[in-house]
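Morning, everyone. Please look at the screen.

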Amino acid sequence: MHCEYIKDCFDPASLGIYESYANTWPTDDQWYNGGGTSEETAYAYKAEMTALQLAQRAGDQAGVRLHTANLARIRQGFFNLLWNSRLGYPGAYREQSGLKRLHESPWLYGIFCPIDAGLLDTEKAAQALQFSEWGLERVKMPYGGEQCWASQWVPSVWSVREMWPGDNYQLALAYFQTGLSDDGWKFLRGTFPQEMLYGNVPGDTGHPAGGTDFNDCNSMFARAVVEGMFGYRPDYPDGVVTIAPQFPSDWNHAAIQTPDMSIKYQRDGTITHCQVTLAHA
């Protein structure tokens with residue numbers, strides 16, 4: 001029903017691209033007047049993929065056909081209407097009416113959301129991430145690493161253009177997901193110490209302006225570390241756990257332990273050891 005709802009509200013013309021409306025924290029100051037965006041299209045794609053998996057598990061063949069067709073419609077819409085093949089990254093949005101122009105300057109959500117949703121293969125993901133290396137403002141942090149501003153849009157209205165930790169954690173995750181571990185660590189390293197080590201409250205993973213009780217960046221920090229750098233991706237309903245670490249090239253050891261797993265990595269010269277323990281078989 002949610003897939004039907006977002007289709008009716010945000011893709012009424014069945015173009016395969018969806019308008020973004022109040023679905024990320026900066027969209028409290030951003031509106032697209034009906035135009036389809038990269039980030040909302042990625043959310044819809046992930047929702048349809050999940051619905052397809054549920055239909056397959058339930059043996060619902062009509063549901064399988066429906067969601068398979070919806071996924072094809074979204075892929076076609078994304079690459080025909082939002083992906084800029086000339087520049088190698090998705091645009092911010094496609095105008096719904098008038099000249100129906102593609103606005104070519106995306107923000108970070110338009111880059112890392114399609115990567116996270118699985119819309120982009122590794123080559124296209126690397127191309128999209130490369131835009132953030134020249135098209136968005138980056139800042140070298142005094143304690144090491146970097147952070148990236150979410151957009152170059154003006155006027156700089158809160159919160160359309162902000163260097164927010166959660167956005168940088170997901171940018172780090174996108175680099176890890178693309179196999180670019182050194183770049184992933186660059187943004188993880190440049191982000192978590194800001195408040196966790198040098199802020200007023202030790203362990204805070206948010207932003208100085210966010211307040212101690214508004215720490216909505218925890219989930220993306222956890223994903224960047226556990227799923228991205230240590231590569232722990234469980235899919236227990238399907239009985240699959242993927243372990244695909246993405247450690248920085250100059251690291252020779254790393255370890256993590258949670259209630260669900262432990263991973264210990266050691267590199268001795270040209271030999272790499274990775275010891276994995278899972279709490280669930």
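Predicted model: local features only at pLDDT ≥ 70, side-chain atom pairs only at ≥ 80, totals over all residues.

The largest pocket holds about 570 Å³ of space. Its lining is made of 22 residues. Nearest the centre of the largest pocket are Lys 46, Asp 116, Arg 223, Glu 227 and Arg 233. As for secondary structure, two or more lining residues come from each of helix 2 (38-58), helix 4 (108-117), helix 6 (165-177), helix 9 (218-229), strand 9 (232-235) and strand 10 (240-243). Which element gives the most to this lining? That is helix 2, with four residues. Sorted by class, the lining of the largest pocket has eight nonpolar, seven polar and seven charged residues.

Now the second largest pocket. About 330 Å³ of space lies in it, and 20 residues line it. Here the residues nearest the centre are Tyr 43, Tyr 109, Phe 112, Gln 170 and Met 220. The elements giving two or more residues to the lining of the second largest pocket are helix 2, helix 4, helix 6 and helix 9. Helix 4 gives the most to this lining, with five residues. By class, the second largest pocket is lined by 10 nonpolar, five polar and five charged residues.

Terms used. Residues numbered from 1 in each chain as written. Heavy atoms only, no water. 1 Å grid on protein atoms, 1.4 Å probe; cavity = no way out; pocket = protein on both sides within 12 Å on 5 of 7 lines; lining within 4 Å. Points joined across faces, edges and corners; volume = space filled by probe spheres on them. Nonpolar A, V, L, I, M, F, W, Y, C, P; charged D, E, K, R; others polar.
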